[in-house]
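Student: I'd like to learn how to read salt bridges. Could you walk me through them?

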Amino acid sequence: MSAGQGVQLDALDARLIELLAEEPRIGVLECSRRLGVARGTVQARLDKLVERGVISGFGPEISPAAIGFGVTSFVTLEISQRDGHDLVAAHLAAIPEVLEAHTITGSSDLLCRIVARSNTDLQRVIDQIVSYEGIRRASTIIALAEQITYRTLPLIRSAAQR
């Protein structure tokens with residue numbers, strides 16, 4: 001599938017995804033019972049959603065704060081263009097506190113979401129990030145409170161209505 005093309009979702013797909021999001025440990029048989037469709041239909045839809053990349057995982061959602069990483073921050077990085085993004089990404093991937101990194105447009109090259117145990121620990125993580133010589137500059141914003149958690153269900157509902 002080319003970029004820009006999306007997978008078409010219907011109401012059953014949306015209801016299945018919503019059910020799995022609300023109750024991640026629910027089985028296929030119970031899904032079929034609650035949705036009022038055959039078990040094979042649920043399994044086929046689920047397989048297709050996974051194959052198309054709509055559903056990318058079934059693992060537990062982890063709260064970094066619950067395991068002691070109560071500080072969340074966003075860091076933009078300016079990198080040396082001659083080294084490229086891949087080497088910097090490999091460096092960042094080796095740092096457990098880097099939760100995600102995205103190539104971006106604008107005055108910076110990468111945007112990272114990182115966590116730390118405290119503000120002092122945040123300095124340690126940032127120092128570790130900028131220790132790579134391919135990173136020229138970092139700018140950090142500390143998140144004070146999460147107003148909207150990462151979510152996709154409103155997007156699923158909207159996509160299914162089209």
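Student: Is arginine 157 buried, exposed or partly exposed, and what is its relative accessibility?

Tutor: Buried means under 20% relative accessible area, exposed means over 50%, and partly exposed is in between (1.4 Å probe, protein chains only). At 35%, arginine 157 is partly exposed. Keep in mind that this is a predicted model, where local features need pLDDT of at least 70, side-chain atom pairs count only at pLDDT 80 or more, and totals for chains, interfaces and linings use all residues. Residues are numbered from 1 along each chain as its sequence is written, and side-chain values use heavy atoms, with hydrogens and water left out.

Student: What does arginine 157 meet in a salt bridge?

Tutor: Side chains of opposite charge can pair when their charged atoms come close. The rule here asks for a side-chain nitrogen of Lys or Arg within 4 Å of a carboxyl oxygen of Asp or Glu. The partner of arginine 157 is glutamate 18, at 2.8 Å, N to O. Glutamate 18 is in helix H1 and arginine 157 in helix H6, so the pair ties together parts 139 residues apart in sequence. Helices are DSSP runs (H or I, at least four residues), numbered from the N terminus.

Student: How far apart in the chain are aspartate 121 and arginine 124?

Tutor: They sit three residues apart in helix H5, about one turn of the helix. Aspartate 121 is buried at 14%, while arginine 124 is partly exposed at 37%.

Student: How many salt bridges does the rule give?

Tutor: The count is nine.

How values were computed:
Helix = DSSP H or I, 4+ residues; strand = E, 2+ residues; numbered from the N terminus.
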